[in-house]
Amino acid sequence: MKEKNKIVRQYRILLVEDEPANIQMITGYLSSDYILAIAKTRKRALELLSSSPFDLMLLDIQLPDGNGFEICQHVVSNREKYGDISIIFMTSLDSPDDEARGLSLGGNDYIHKPINDVVLRARVKLQIQLIRKNELLEHLTCFDGLTEIPNRRAFDDQLKKEWHRARREHKNLSLAILDIDYFKQYNDLYGHPAGDQCLRIMAANLTTSFVRNSDFIARYGGEEFAVLLYDTDLETSIQLMEKSLTTFVEKNIEHQGSSVKSCVTFSAGICTAAPKTDVFSDFVNTADKELYQAKNLGRAQICGKYLTS
């Protein structure tokens, strides 16, 4: 069984080369291990870069309508648009100044022509390994080590993306902020290892409760969790969260320190909005206020509000 968050994919390479013999040779060497796209001109390369994400670019320096240095400079200067693409220059130029120029512009490596298949595979493999390591590090920095779900940093990034997406597509976005009831008392009574296990069960319960690809679950901090529900109205969001609460209570995790039940429960506040501006601070603050409303009303329940402004 594959791990849910494990990155499994083929890496994408853009080959920018105009010599048919070189194209045939390079694709023959790499096509079995990577997804390849080919551009014979500067113009076509920029078109492909704008339409599809790539991990690596094999970039010829001399092209019919420009040169690789210009492409490299343009791509590096527009990382937000094109992503963090690794660039390997391919050239018959053997001047140290040319090589230094390419590296200073943001190139990652050089391959000299005529291309040697062993060198090509090795240089490409090295860059892909570096990309893979960076992806794993990024993965680790965005996930909570205890519960193995996204952390607060990942939540903040996702909220920004989903808010702008909902505004662009004129959809509702719902945010639920959850808090395990009387969690301090639970830790005091049963110990921190038991508290950690309770947090894991809570995370697993949310993961099985919200299963759409667009549903996003995160550990918000301490005993708090957050759920983003794209294109979901307030009534549906409350119903889904109430169902998740019922499922969690049915796990019957003993909690003699709770004033609500003899088992662990949680409270949740939900805010639903149809974003019209770039500012979402009121959205988060409203969900947080609704959480405190749920606690004030006796806990183990869900409160929600539609944000009209």
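At what angle do the axes of helix α2 and helix α3 cross? Hi everyone, let's start there. The axes of α2 (residues 42-51) and α3 (residues 68-77) cross at roughly 25 degrees and come within 11 Å. Here axes are lines fitted to C-alpha atoms over the stretch in contact, with angles from 0 to 180 degrees between N-to-C directions. Helices are DSSP runs of H or I, at least four residues, and strands are runs of E, at least two, numbered from the N terminus. So α2 is roughly parallel to α3, a label for angles under 35 degrees, while over 145 is roughly antiparallel, 65 to 115 roughly perpendicular and the rest oblique.

A word on the source: this is a predicted model, where local features need pLDDT of at least 70, side-chain atom pairs count only at pLDDT 80 or more, and totals for chains, interfaces and linings use all residues. Residues are numbered from 1 along each chain as its sequence is written, and side-chain values use heavy atoms, leaving out hydrogens and water.

Who meets whom? From α2, R42, A45, L46 and L49 meet E70, I71, H74 and V75 of α3, contact being heavy atoms within 4.5 Å.

Now to the other pair. The axes of α9 and α10 lie 10 Å apart, at an angle of about 135 degrees, which makes α9 oblique to α10. On the α9 side, the contact involves I201, M202, N205, L206 and S209; on the α10 side, S244, T247 and F248.

Finally, M241: beyond neighbours within four places in sequence, its contacts are A176, L178, F210, V227, F266, A268, I270 and I302.
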